[in-house]
Amino acid sequence: MRLPRSGAGWTVAVFGVLALLLGALGLIWPETQLRLLGLEVPAERAAGDYTGTFLTASSMAAFNMGVYYLLAVATEWRPFYRFTVWFRLATFAVFTIAVLSDVAPDRFFGVALWEGLGAVATAVGLWWDGRRATPGALTSTGPETSAPVPAADAAG
């Protein structure tokens, strides 16, 4: 796999690698994953407790998501980068509400914060990349080049 070719690509790559690794962690050592999230790890689970099932499903989803993010980076799929900004902000909101309404432990706010900061970092990366791609000076070759052309992939 080649390295990211843009600032936004680097932010998506970091998230992709971490999602892949944390997903694998949840599949291999689920108790460690629960402790990282600040969740209780009882010695035995009661009948009807599907924590393990849920953790397996969410860990596999995180692993797959990491692969998707890394594929987007490998192809420099910028529309995907923009898409992730909005959905990571939505994830931040949902996870924050879960903590504030006592559905999730306070420590889970770290996950919400990670999502929110990641969304902002990618948005800033898209803005920066778009700014670098926009011509900085006007040229005098004719009327069609009298103003800078906005970058097609600028954050918007």
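Buried means under 20% relative accessible area, exposed over 50%, and partly exposed in between (1.4 Å probe, protein chains only). Helices are DSSP runs of H or I with at least four residues, numbered from the N terminus.

This is a predicted model: local features need pLDDT of at least 70, side-chain atom pairs count only at pLDDT 80 or more, and totals for chains, interfaces and linings use all residues. Residues are numbered from 1 along each chain as its sequence is written, and side-chain values use heavy atoms, without hydrogens and water.

**Exercise 1.** Check the span of helix α3 (residues 51-74).

Solution. Take the 24 residues of α3. The expected span is 1.5 Å times one less than the number of residues. That should give 34 Å. The end C-alpha atoms lie 34 Å apart, which agrees.

**Exercise 2.** Find the buried residues of α3 and their packing partners.

Solution. List the buried residues: Leu55, Ser59, Ala62, Gly66, Tyr69, Leu70, Ala72 and Val73. Next, find their partners. They pack against α1 (7-28), α2 (30-36) and α4 (78-100), where contact means heavy atoms within 4.5 Å.

**Exercise 3.** Classify the ring pair of tyrosine 69 and phenylalanine 80.

Solution. Rings of Phe, Tyr and Trp (its six-membered ring) pair if their centres lie within 6.5 Å; planes under 30 degrees apart count as stacked, over 60 as edge-to-face and the rest as tilted. The whole structure holds 9 aromatic pairs. In this one, the centres are 5.1 Å apart and the planes stand at 85 degrees, so the pair is edge-to-face. Tyrosine 69 sits in helix α3 and phenylalanine 80 in helix α4, 11 residues apart. Both residues are buried.

Note on methods: Helix = DSSP H or I, 4+ residues; strand = E, 2+ residues; numbered from the N terminus.
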